[in-house]
Amino acid sequence: MKITEKRWHGCRYHVVNTGDGWSLQKHEWCKQTFGKNSFPWDLEAGRWYVQGHEFWFKDESDMTIFILRWA
């Protein structure tokens with residue numbers, strides 16, 4: 001996993017590149033854990049996004065939970 005910081009809608013996001021592509025299992029786990037995912041075209045910054053093999057988390061603690069679960 002590769003971790004970077006990026007900005008979207010003026011907010012800092014912690015981005016985890018899983019390196020293994022999109023995964024329904026990871027996506028569903030995130031929905032159960034963090035709630036419904038946001039979409040890039042939403043007008044406000046969401047809690048989390050998924051884009052290809054990257055999971056974007058607004059809160060560092062959410063990113064940490066994700067890494068602990070999937071590393």
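Cys11 sits in strand β2, which spans residues 11-17. Here strands (E, at least two residues) and helices (H or I, at least four residues) are DSSP runs, numbered from the N terminus. The model is a predicted one, in which local features need pLDDT of at least 70 and side-chain atom pairs count only at pLDDT 80 or more, while totals for chains, interfaces and linings use all residues. Residues are numbered from 1 along each chain as its sequence is written, and side-chain values use heavy atoms, with hydrogens and water left out.

Some partners of Cys11 come from other parts of the sequence. Not counting residues up to four places away in sequence, Cys11 touches Lys6, Ala45 and Lys58, where contact means heavy atoms within 4.5 Å. The C-alpha atoms of Cys11 and Ala45 are 7.0 Å apart, with a separation of 34 residues in sequence.

As for the overall fold, the protein holds two helices and four strands, and from the N terminus on they follow the order β-β-α-β-β-α. The radius of gyration is 11 Å, which agrees with the value near 11 Å for a compact globule of 71 residues; this radius is taken over C-alpha atoms, and the globule rule is 2.2 Å times the number of residues to the power 0.38. Along the principal axes, the C-alpha atoms fill a box of roughly 30 × 20 × 20 Å. Of the contacts in the protein with a separation of 6 or more, 57% are between residues 24 or more positions apart.

Buried means under 20% relative accessible area and exposed over 50%, with partly exposed in between (1.4 Å probe, protein chains only). The protein exposes about 4,500 Å², of which carbon and sulfur atoms supply 52%; these areas come from the Shrake-Rupley method with a 1.4 Å probe, and for residues only the protein chains shown count as cover. The 10 positive and 9 negative charges have mean positions 1 Å apart. In this count Lys and Arg are positive and Asp and Glu negative, with His and the chain ends not counted; the charges are placed at NZ of Lys, CZ of Arg, CG of Asp or CD of Glu.

In soluble globular proteins, nonpolar side chains tend to be buried together. A nonpolar core is taken as a set of buried Ala, Val, Leu, Ile, Met, Phe, Trp, Tyr and Cys residues joined through side-chain atoms within 4.5 Å. The largest such core has 12 residues, namely Val16, Trp29, Cys30, Phe34, Trp48, Val50, Phe55, Phe57, Met63, Phe66, Ile67 and Trp70. At least two residues of this core come from each of α1 (24-34), β3 (48-51), β4 (54-57) and α2 (60-70), and α2 gives the largest share, four residues. Another core, of six residues, lies apart from the largest one and includes Cys11, Tyr13, Tyr49 and Trp56.

Tyr13, also in strand β2, is buried, with a relative accessible area of 0%. Beyond four places in sequence, the contacts of Tyr13 include Thr4, Trp8, Ala45, Tyr49, Trp56 and Lys58. Tyr13 and Lys58 are 45 residues apart in sequence, yet their C-alpha atoms are 4.6 Å apart.

Two further residues complete the picture. His9 lies in the loop between β1 (2-8) and β2 and counts as partly exposed at 36% relative accessibility. Although not a glycine, His9 has a positive phi of about 55 degrees. Pro40, Asp42, Leu43, Glu44, Ala45 and Tyr49 all touch His9, not counting residues up to four places away in sequence; the C-alpha atoms of His9 and Asp42 are separated by 9.3 Å. Arg7, in strand β1, is exposed, with a relative accessible area of 59%. Leaving aside neighbours within four places in sequence, Arg7 is in contact with Arg12 and Trp56, whereas the C-alpha atoms of Arg7 and Thr33 are 23 Å apart.
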